[in-house]
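Hi,

Here is the structure I promised to pass on to you. Have a look at it first, and then read on for my notes.

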Amino acid sequence: FAYLEVKRMFFPRFYFVSNAALLDILSNGGDPQMIQKHLGDCFNNVIRLQFKKDEKSMDSKELEDLEETLRVNGDIWCTKWTEGGEAQRIAHKYANELKSDSEKKEWFDALYAKWKAAPYTKMATGMYSAAGKEYIPFHAPFECKGPVEGWLRNLVTHHQETMIRGMGVAKFEADHWHEKPRHKWLFDFSAQHALTASFTVWTEEVESQFESLSEGNETALKDYLKLYDDRLSHLIDLALGKLNKRDRVKVITLITIDVHSR
């Protein structure tokens, strides 16, 4: 057990893993795919990583396109055959000679099967959340090499850097809701980024209205309430419409926060 204790001291998140699971992790540390099942024990909300495929196996334009699409969007959601989805886009682009939708779907399913059969590299390109299997691409590929406790510790830093950078972009674009309103902006970001940026903007705007009120603008808060209610009504319209499970949870959470913030 002294050996396991040394590993736990190097990567303290191993303290949340049983001895049997830790032995499995250490014995298979050179194969990231074998570690995937244990990620949920080491990370609070990360259940799986997206890995890059071997470039030699991506031997056609359509496979290269699919590989890049999955790097950005993950393979859980964008491989589903939905109207206007990425699967349809790829099929229409490379198999447009096929007439029926069912033929194109069959063509895409075969392409995806070929992609799945290709060997993985050790380069992780994104991560999946346990909450609705939401996918977030990494800001840069992360190589899972070396002792497993080492690359897992580095993965924590890489994960945090991705979230910090994403938060900066979300907040910057939230400051331009006059160009792209919030009810459209929110689909560009993960739930965590959208919720945090939205609440940060609310805090800044409310403080600004109090300052305006102190300077003699007696209708500052009433005017802001009208703007706030307008944003809220757009979210309610979204919730009444057609949304996938992930987006619906995000929108309803924003509505709940907005209602309590009024």
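**Aromatic rings and helix packing**

A search through the whole structure turns up 11 aromatic pairs, where rings of Phe, Tyr and Trp (its six-membered ring) pair if their centres lie within 6.5 Å, and planes under 30 degrees apart count as stacked, over 60 as edge-to-face and the rest as tilted. Before the details, please keep in mind that this is a predicted model, in which local features need pLDDT of at least 70 and side-chain atom pairs count only at pLDDT 80 or more, while totals for chains, interfaces and linings use all residues. Residues are numbered from 1 along each chain as its sequence is written, and side-chain values use heavy atoms, with hydrogens and water left out.

Back to the rings. Phe51 and Tyr120 form an edge-to-face pair, 6.5 Å centre to centre with 75° between the planes. Phe51 belongs to strand 1 (residues 46-53) and Tyr120 to strand 2 (residues 120-129), so this pair ties together parts that are 69 residues apart in sequence. Helices (H or I, at least four residues) and strands (E, at least two) are DSSP runs, numbered from the N terminus. Tyr120 also pairs edge-to-face with Trp115, at 6.3 Å centre to centre and 90° between the planes.

Ring pairs link Phe51, Trp81, Phe108, Tyr112, Trp115 and Tyr120 into a cluster.

Now the helices. Helix 5 (residues 61-73) and helix 7 (residues 101-117) pack at about 75°, with their axes 10 Å apart; axes are lines fitted to C-alpha atoms, for helices over the stretch in contact, and angles run from 0 to 180 degrees between N-to-C directions. That makes helix 5 roughly perpendicular to helix 7 (under 35 degrees is roughly parallel, over 145 roughly antiparallel, 65 to 115 roughly perpendicular, the rest oblique). On the helix 7 side, the residues in contact (heavy atoms within 4.5 Å) include Phe108, Tyr112 and Trp115, and on the helix 5 side they include Leu63, Leu66 and Leu70. The residues of this contact divide into 8 nonpolar, no polar and 3 charged. Ala, Val, Leu, Ile, Met, Phe, Trp, Tyr, Cys and Pro count as nonpolar, Asp, Glu, Lys and Arg as charged, and the others, Gly among them, as polar.

Helix 10 (residues 191-214) and helix 11 pack at about 155°, with axes 8 Å apart, and are therefore roughly antiparallel to each other. Among the residues in that contact are Trp202 and Phe210 of helix 10 and Tyr224 and Tyr228 of helix 11. This contact has 8 nonpolar, 2 polar and 2 charged residues.

As for the whole protein, it has 12 helices and 3 strands, and 40% of its 262 residues count as buried. The C-alpha trace spans about 70 × 65 × 25 Å along its principal axes.

Best wishes

Key
Buried means under 20% relative accessible area, exposed over 50%, partly exposed in between (1.4 Å probe, protein chains only).
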